[in-house]
Amino acid sequence: MSLNIRMAQVSDAETVTDLVHALLSELTLTGSEPPTRDEIKLSTMTILSERNGVWALLAEDDQQGAAGVLTLNECEAIYAGGKFGEIAELYVVSQFRTDGVGRNLIEEAIKFARDRKWGRLEVGAPDVPRWNRTVSFYRKNGFSEVGPRLQLLLQGNDR
């Protein structure tokens with residue numbers, strides 16, 4: 001396998017959409033519906049075209065195409081001492097999950113974070129009992145647990 005990781009461009013919107021849709025489909029609990037592919041594509045197009053503190057790294061295999069994606073947000077907080085990065089999505093196509101694609105995406109994200117002089121990278125991980133492999137993956141790549149993340153969905157806000 002020959003892996004290439006590069007910054008996704010607007011022309012990669014279909015590929016990024018497919019990968020994020022696959023991720024959300026895997027994460028969605030039984031009985032719930034993930035966002036539609038069209039909803040994800042609209043967000044992908046907006047994010048990739050505006051480049052307002054959000055980036056997507058695309059992993060590709062020379063022969064088999066898209067292998068994974070990692071999206072990064074630039075955030076800022078007092079507790080973090082200023083700007084830091086947040087991994088919003090990380091997905092590796094199942095056939096590539098034992099090939100180091102995820103580790104390579106994390107390594108590229110770390111390089112990107114250092115270039116931007118971020119003091120840290122954070123990631124929200126799903127609950128441990130159901131997604132123990134995911135949390136273990138992040139731990140193996142140098143992350144440590146600092147607590148849960150909660151959300152509040154705001155009505156009337158499509159995002």
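With 159 residues, a compact globule would come out near 15 Å in radius of gyration, and the 16 Å of this protein agrees with that. The radius here is taken over C-alpha atoms, and the globule rule is 2.2 Å times the number of residues to the power 0.38. Keep in mind that this is a predicted model: local features need pLDDT of at least 70, side-chain atom pairs count only at pLDDT 80 or more, and totals for chains, interfaces and linings use all residues. Residues are numbered from 1 along each chain as its sequence is written, and side-chain values use heavy atoms, with hydrogens and water left out.

**Fold**
- The protein has four helices and five strands, running β-α-α-β-β-β-α-β-α along the sequence.
- These are DSSP runs numbered from the N terminus (helices: H or I, at least four residues; strands: E, at least two).

**Overall packing**
- Along the principal axes, the C-alpha atoms fill a box of roughly 45 × 35 × 35 Å.
- Some 35% of the 159 residues count as buried, meaning under 20% relative accessible area with a 1.4 Å probe, protein chains only.
- Of the contacts (heavy atoms within 4.5 Å) with a separation of 6 or more, 60% link residues 24 or more positions apart.

Notes
Buried < 20%, exposed > 50% of the residue type's maximum accessible area, 1.4 Å probe, protein only.
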